[in-house]
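Before reading on, please take a moment to look over the sequence and the structure below.

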Amino acid sequence: MADTSQISPFIYGCSGGLVLNKDTFSFQPGESRILQNFEPDIKGGYKKILGTSFYNTNIVPQVSNANERVVMSAIFNDRVLVARGGTIYQGDAGSGSWTSVQASLGTPTANYTFSKFNFTGTDNIVVATGTSFPKIIDTSYNVINVNASGSQDTFSIVEVFKNHIFFAGATGSTQEIKFMGPFQTNDFTTGNGGGAIKVDTTIIGMKVFRGSLFIFGLDKIFKLTGTSLSDFSITPVTRTIGCLDRGSIQELGGDIVFLAPDGIRTIAGTERIDDVELGTVSKQIQERIDEVGVDNISSLVIRKKSQYRMFYPKTSGAEVASRAVISVVKTNSNTGQLGYEYADMLGVKPSCCDSDFVGSTETAVHGGYDGYIYLQESGNVFTRVGGTANIESIYKSPDLAMGDPGIRKSMQRVIVNYTNEGLVDADLTLRYDYDSATTPQPSTYPLNTGNVPAIYGTGTYNNSTYNQSSLPLVRQDVQGSGFAVAIKVIDSSAFPPISLKGFELEFTPGGRR
Amino acid sequence: MNYLTLTNQVLAELNEVQLTSSNFVSGAVGIQQTTKDVVNKALRDVYSSELEWPWLHSDKIQATFAGQKEYALPTDYRSVDYDSFYIVPTELVTNSTFDSNITNWTTSSGTPAYTATGNGRLRLNAAAAYATLSTVKNKEYRLQVRLIDSSSSGSSLKIQVGTSPAGTQNLSTTLTIADFGDGSILDIKFTATASTSYLTLDNDDSNNLDVDFVKVSENIAPKKLTYITYDDYRRRFLSTAQINSSDQYGVPDYIYKSQDGKFGLYRIPDSDGYSINYEYWKTHDDLSATTDTPDIPARFHDVVIARTKYYIYQLRSDPQFTQFAAADYQAGIKRMRIELINSPTQMLDTRVNITKTRGAAIGG
C-alpha cells in the first residue's frame, strides 16, 4: 500500500569524524560536530572507545618527590620499561613490584626517547635521556653506558637506521646528529663507520620511514638516505615546515604523522621509490589543533584500528579535563575516499606512551603524571588513582537542514542503527534549531535496546541472546520540530562500547514559519 | 483539564515537546509559549461563540436605595437576562441558613453549636443565640423558622424579637415539634419598634433542637419587574421620574437598560429594604496559573484543543490541517449548542391580543 503519511525520511551513515571547520550548510550528514570518546571505527561508524586499567597496580617508585611524572613507558621484552625521577625500572603486568634497571640518570627535563633494535640476535633498546649518556638495555636488563670516547654527550633523541644508532639533541649541539658504525653499540669512530652530520635547524626528532631517516627540525625537515658512512646523504624534504614536538611523530598506515605548526601533517610515501609528499590532514579540526600546547605531547598508534592518538595534556591540568586527538585512517563510507577522520578523547592524562606487541597481542601503555603505568584499550571505564570513572562519550551530528533550511520539520521518529558488544545504556537527544533557547528541546530518550547477539563459538551463557540481531535498528518516537535538527548520543555507562552506524530521521515537512 | 494539561494536549497532538509543572509558568519557549497563549485565545473564541453558556451564568442581588433609580451592572457581566428581574424584600438575617457555620449569631446563653446534619443547622442544647436585625420602626416583618427536634424530646424553642438580646417587646412565641423526625416551620409576623431589633432563639432544655433556617424580611410581596426599553422609559416615565418629589417614589414596577451599563427602576424605590434579584452571564478570566481550569465542562475541552490547533496550524502555514481543525471546532461548537443552549420546544407568544390573555403557551 502506498505511503500517504507525508512523512519524509532522511538517512545517513556515521562517517567523516569530527569536523570543526565547516559552516552549517557545508557539513556532510555523517560528520560530527562533537565526537568525544567515540572513535571513527574502521568497520564503519563511530565506536565508543575502550577504557584504561592499571598495567601494574604498583606505582613506579619515586626518586626525589611524589610529583615526578613517568617520562618513559616502553614495551620491551614483553614487559614495560619505565622511567621516573631519573631511574629506569622494568616490570610485568599485574601486581609485581618494579625492578630498578638503571638509576642516577639525572632529573628528567623531557620524555626519554628510545628505539628498539636487534643487531646480535638479542633484542635491545637504546634510551636517550637528555640528562645522561644514552643507555642500551638488553633482555636480561644489562645496561651499556654509551660513553665512547669522543661522543660523551647527553643525547635526548635516538633512532636506529640501517644498523646504525643515530643520536641527536645533545646539549649545546642541537643541530648535530652523531651515529655509530654499523652494528656498533658504543663506538662513534669514523674508522668503524661512525660519524656526525649537521643540519641548519634545531633537531626535534628522527623517524625511519621507507628506507630513509627523516630528521625533523624546528622549522625544516630533512631526509637522510644511504646505507653507511660512505653514502649517507641528506636532502631537504621541506625548508619551511618543522615539527613542534618529537612526541607527536608516529608511523601510521604508510605515512609518518607529526604535529607541525599548522596542524597534523603527514609525510606520505608515493608510488615512486624514495619519493614522499608532504600533506596536511587536520584542517577539519584546526580549531582543536589551535588548542594544542606543547607542554608535553605524546602519541601512539593502535595498528589494528589504524589509529593515531596524540595526547596533549596540560601539566597543571586535571586528569578529567585532559585531552587527546584521535585520528583514524579509514574509508569514508559516504564519499568512498580514504582519509583521516578525527575525534576527541577526554579524561586520560598520559605523560608518555608506547604501543607494541606483547606476544601476539597489540598493547598500548602510557605512563601517568601520577606515577602509574596504565594499559589503554582495556575495560570500559577509565582507571584512575582514586577509582574508576565512566567514560562520557558524546556524538553530535551537524545541524541537519535535510534539504531546505527554511522548511520546518516536525520530527516523528529516529531510527538508530548501531552494533553493541553488551548491554547498552545511552541517551539519545534531539537538538533543534542550533540548540536555540527559544525552541523547545526535548528531554533525552533512553537508548538501551540491544542485547548481545549469541554468535556460535563466542556467545556466553547468561550474557548472549539467541536470535538477537547484531545490527539492531532502534525505532524511537520523538517530539519537537525545528528548521534544523541535530542528533546527540551520550553514553556515560560502564557497559561495553556501542558503535553508532547511522540514523534515519523521519519527519513531516511543514511550513516556512 | 487544567491550563497545563490543555496546553500539553495540543503539544502532544502536534508532536511537540510538552511542558511540565515546573517549567510551565516561566520556562515555556517557542511553540510552547505560543500554544499557551493560543489556548486562551481559543477559550475566548468558545466563550464568544454564544452569549449564554450555562457555565457563565451568575445571579446578582442588588439592594435598593431610596431615591436612587439606576444601578450599575456587575463589572464582569457580558449579558443580562432582563426578563429575570424580581423585586423581593431584603433578607435581614445574616447567615440565615447555617450552611457551613453559625457565624453572625451571638451566644446568649449556653453553647450554641453548628451541626452539619442536613444542609447545616444551628444546634441549641440548653443554649440561646441571637441575631441583630436592621429594622424600621413600625414596619411589619415576616419571620420564618424551621426547627428539627433531633432528640425527639418534645422541647420547645423560644422565639423572641425585641429591642435587646432575649427581649420580647415585638415577639415572644414557642415552637414545638409534635411529629418527631420531621421538621416544623413557623411563619409569623412582627412589627419592629426600633431601628435595631434582636431575634433570639432559646432552648432551655438539655436536648438537641436544630434550627434549619431563620428568615426575616419586610412584609412586601415579591414581584416580577417588567422590562421596557430605554426609549420606552424616556417616553413614558422619565419626565415623571425627574420631578423632585418623593411622591414619585414607590415599589418599582419596571426595569430598563440605561445607555451606560446600568439598569434603572421605575418607580424609583422608596425604601432601602428591597432587593433586586436578576440573572446574568459573566465574562471569564484568561487562564494563568498551571492548575487554572476553564469553566467549560471537561467533556468539551476537545473543542478548545481543536481551536488551538487551528491557530497553531495557521501559524505553521499548514492550510490542510487548519481546515481539519476548523471543522473539528465548528462541529464541537455545534454539539455544545445542542447540548447546552437548546431549550425545550416551547415558546411564548408575546403578541398583544386584545381578545385573549397574554402569554398563552404554544406546545411543540
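Predicted model: local features only at pLDDT ≥ 70, side-chain atom pairs only at ≥ 80, totals over all residues.

**The largest nonpolar core**

- The largest nonpolar core has 125 residues, and those with the most contacts inside it are A:Met72, A:Phe166 and A:Ile215.
- Strand β6 of chain A, which covers residues 70-76, gives the most to this core, with 6 residues.
- This core lies between domain 1 (8-33 + 41-49 + 395-509) and domain 2 (52-276 + 361-378) of chain A, because both domains give residues to it.
- Leaving aside residues up to four places away in sequence, A:Met72 touches several residues, among them A:Leu81, A:Val82, A:Tyr112, A:Phe114 and A:Cys352.

**Another core**

- In soluble globular proteins, nonpolar side chains tend to be buried together.

**Helix α4 of chain B**

- Helix α4 of chain B (residues 301-315) has 15 residues, and its span of 21 Å from first C-alpha to last is close to the 21 Å expected at 1.5 Å a residue.
- Because 12 of the 15 residues of α4(B) are buried, this helix is largely enclosed by the rest of the structure.
- Among the buried residues of α4(B) are B:His301, B:Arg307, B:Lys309 and B:Tyr313, and the buried residues of this helix pack against α1 (3-13), α2 (31-48) and α5 (319-341) of chain B.
- Just after α4(B), the residue B:Ser317 takes a positive phi of about 55°.

Notes: Residues numbered from 1 in each chain as written. Chains lettered and ligands numbered in written order. Core = buried A, V, L, I, M, F, W, Y, C linked by C-beta atoms within 7 Å. Buried ≥ 20, exposed ≤ 12 C-beta atoms within 10 Å, placed from the backbone. Helix = DSSP H or I, 4+ residues; strand = E, 2+ residues; numbered from the N terminus. Domains from an automatic or database assignment. Contact = placed C-beta atoms within 7 Å. Expected span 1.5 Å × (residues − 1).
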